[in-house]
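Me: I have a structure open and would like to go through it with you. Could we begin with the terms and then turn to the details?

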Amino acid sequence: MGMMEKDYVWIVSDNMASLLDSVEPSVLLNMQGVIGFKANINEKTESFGEFNVKFRRKYKSEYTEEVLM
């Protein structure tokens, strides 16, 4: 496909960016053009808990055919 050449950029998700934390530095040097984004959310805060409850309640009411885990 030729998408690893000059003038291309790969944007990777939080999951992939987390995996890259454990690879050897030499591997990272060969990954020019890769941009990763990682979420930084503290799920133990009261505000996150409140948001999560409201979101799940609203999601359940709008998408009754889907099961939320």
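Predicted model: local features only at pLDDT ≥ 70, side-chain atom pairs only at ≥ 80, totals over all residues.

Me: Where does Val 9 lie, then, and is it buried or exposed?
Reply: Val 9 lies in the segment before strand E1. Its relative accessibility is 54%, so Val 9 counts as exposed.

Me: Which residues does Val 9 touch, leaving aside its neighbours within four places in sequence?
Reply: With those neighbours set aside, Val 9 is in contact with Gly 33 and Ile 35.

Me: And what separates the C-alpha atoms of Val 9 and Val 27?
Reply: The two C-alpha atoms are separated by 17 Å, and the residues are 18 apart along the chain.

Me: Staying in that segment, what is the phi of Asp 7?
Reply: Phi of Asp 7 is near 80°, a positive value in a residue that is not glycine. For context, most residues other than glycine have a negative phi. Asp 7 is also placed in the segment before E1, and with 72% relative accessibility it counts as exposed.

Me: Which residues make the nonpolar surface patch?
Reply: The patch is made by Met 1, Met 3, Met 4, Tyr 8 and Trp 10, and it covers about 650 Å². One of these residues, Met 4, is found in the segment before strand E1, which spans 10-12. Met 4 counts as exposed because its relative accessibility is 65%.

Me: Changing topic: how many aromatic pairs does the structure hold?
Reply: The structure holds four aromatic pairs. In one of them, the ring centres of Phe 51 and Phe 55 are 5.9 Å apart and the planes are at 25°, so this pair is stacked.

Me: Why are Phe 51 and Phe 55 separated by about one helical turn?
Reply: Both belong to helix H3, residues 46-62, and they are four residues apart there, so about one helical turn separates them. Phe 55 is partly exposed, its relative accessible area being 42%.

Me: What about the rings of Tyr 59 and Tyr 63?
Reply: Their centres are 4.8 Å apart and their planes are at 35°, so the pair is tilted. Tyr 63 has a relative accessible area of 35% and is therefore partly exposed.

Me: Which residues do the ring pairs link into a cluster?
Reply: The cluster consists of Phe 48, Phe 51, Phe 55, Tyr 59 and Tyr 63.

Me: Now the whole chain: how many helices and strands does it have, and what pattern does it follow?
Reply: There are three helices and two strands. Along the sequence, the pattern is β-α-α-β-α.

Me: How does its radius of gyration stand against that of a compact globule?
Reply: The protein chain has a radius of gyration of 18 Å, whereas a compact globule of 69 residues would be near 11 Å. Along the principal axes, the C-alpha atoms fill a box of roughly 45 × 30 × 20 Å.

Me: Lastly, among contacts between residues at least 6 apart in sequence, what share joins residues at least 24 apart?
Reply: Of those contacts in the protein chain, 38% join residues at least 24 apart.

Methods. Residues numbered from 1 in each chain as written. Heavy atoms only, no water. Patch = residues over 30% accessible without salt bridge, like charges linked within 9 Å, V, L, I, M, F, W, Y side chains within 5 Å. Areas by Shrake-Rupley, 256 points an atom, 1.4 Å probe, with all protein chains shown as cover. Salt bridge = Lys/Arg side-chain N within 4 Å of Asp/Glu carboxyl O. Buried < 20%, exposed > 50% of the residue type's maximum accessible area, 1.4 Å probe, protein only. Phe/Tyr/Trp six-rings, centres within 6.5 Å; stacked < 30°, edge-to-face > 60°. Rg over C-alpha atoms; globule rule 2.2 N^0.38 Å. Contact = heavy atoms within 4.5 Å.
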